Amino acid sequence: MDLSNILISRTTYCGADLRGADLSESDFRRRSFERADFRGADLSGSNFDRVNLCGADLRGADLSKVNLYLADLRRANLSGANLHNAYLQKANFIEVVFYQSDISGADLRGADLRGADLREANFDKANLSGVDLREANFDKANLSEVDLRWAVLEGMIIDDGEENLYKLL
């Protein structure tokens, strides 16, 4: 289903089934997609500024170059999603699953990732300055060239893949 370049006018799309849809370059500002199903959807370049995506299923979705400024994604599933070069500043990712996601080059300044599952995610060259990472699990994640200035790292779990497990206190 190709719905690229659309401007959504309705306010709420709770539980919407948008699996595999092409919604690239679309404008969803200030809308609610709580518990919506975006599995495998192409959302690249779309604007989700201040959108409610709590509990949404975004597994395998293409979110490259997407704008999620101040978006609420609490308990959403982004396993295997592509967030390369995404703008994720100040977004709420509490208890979000990013298992095996590509978050390389993304800007997460000031985002909240408390309790997030970031196992095996690729954060190469991502900006995580000022991010709250308390109790986040980075087991086998790629953190090369990541900016962690002013980040809250208390309780963050890191497994370097070399039989060493670290929990920052």
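This briefing describes the fold, core, cysteines, charged pairs and selected residues of one protein structure. The model is a predicted one. The protein has 169 residues, of which 50% count as buried. Its secondary structure consists of two strands and zero helices. Eighteen is the number of salt bridges found in a search of the whole structure, given there as 18, while the count of disulfides comes to zero.

**Overall organisation**

- Among contacts with a separation of 6 or more, residues 24 or more positions apart account for 0%.
- Strand S1 covers residues 157-159, and several residues discussed below, including Arg-35, Gln-89, Glu-25 and Lys-125, lie in the segment before this strand.

**Nonpolar core**

- In soluble globular proteins, nonpolar side chains tend to be buried together.
- In this model, the largest nonpolar core contains 52 residues.
- The residues with the most contacts inside this core are Phe-38, Leu-73, Leu-78, Leu-83, Phe-93, Leu-108 and Leu-113.
- Leu-78 illustrates the packing: leaving out residues up to four places away in sequence, Leu-78 touches Leu-58, Leu-63, Leu-73, Leu-83, Val-96, Val-97, Phe-98 and Ser-101.

**Cysteines**

- With the disulfide count at zero, Cys-14 is in no disulfide, and the nearest cysteine sulfur, that of Cys-54, is 9.5 Å away.
- The sulfur of Cys-54 has that of Cys-14 as its closest cysteine sulfur, and the 9.5 Å between them is too far for a bond, because a disulfide requires sulfur atoms within 2.5 Å.
- The two residues also have their own accessibility values: Cys-14 is partly exposed, with a relative accessible area of 38%, whereas Cys-54 is buried at 8%.

**Arg-35 and its surroundings**

- Arg-35 is exposed, with a relative accessible area of 52%; the term applies because this value is over 50%.
- Not counting residues up to four places away in sequence, Arg-35 touches both Cys-14 and Cys-54, together with Gly-15, Gly-55 and Ala-56.
- The side chain of Arg-35 also makes a polar contact with the side chain of Glu-34, at 3.3 Å.
- Arg-35 and Arg-75 are 40 residues apart along the chain, and their C-alpha atoms are separated by 9.5 Å.

**Salt bridges**

- Arg-29 forms a salt bridge with Asp-27, and the closest N and O atoms of the pair are 2.6 Å apart. Arg-29 is partly exposed at 42% relative accessibility, while Asp-27 is buried at 16%.
- Asp-57 and Arg-59 meet through their side chains in a salt bridge with an N to O distance of 2.5 Å. Here Asp-57 is buried, with a relative accessible area of 14%, and Arg-59 is partly exposed, at 35%.
- Arg-134 and Asp-132 likewise form a side-chain salt bridge, with an N to O distance of 2.4 Å. Arg-134 is partly exposed at 32%, and Asp-132 counts as buried at 11% relative accessibility.
- A network of salt bridges links Asp-17, Arg-19, Asp-37, Arg-39, Asp-57 and Arg-59.

**A buried polar residue: Gln-89**

- Gln-89 is buried, with a relative accessible area of 11%.
- The side chain of Gln-89 makes a polar contact with the side chain of Asp-107, at 3.2 Å.
- Apart from neighbours within four places in sequence, Gln-89 is in contact with Leu-68, Tyr-69, Leu-70, Asp-107, Leu-108 and Arg-109. Of these contacts, Leu-108 is also one of the residues with the most contacts inside the largest nonpolar core.

**Backbone geometry**

- Most residues other than glycine have a negative phi.
- Glu-25, which is not a glycine, has a positive phi of about 55°.
- Lys-125 also has a positive phi, near 60°, and is a residue other than glycine.
- Lys-125 is partly exposed, with a relative accessible area of 48%.

Conventions: Residues numbered from 1 in each chain as written. Predicted model: local features only at pLDDT ≥ 70, side-chain atom pairs only at ≥ 80, totals over all residues. Heavy atoms only, no water. Core = buried A, V, L, I, M, F, W, Y, C linked by side-chain atoms within 4.5 Å. Buried < 20%, exposed > 50% of the residue type's maximum accessible area, 1.4 Å probe, protein only. Contact = heavy atoms within 4.5 Å. Helix = DSSP H or I, 4+ residues; strand = E, 2+ residues; numbered from the N terminus. Polar contact = N/O pair within 3.5 Å; in protein donor to acceptor, adjacent residues only side chain to side chain. Salt bridge = Lys/Arg side-chain N within 4 Å of Asp/Glu carboxyl O.
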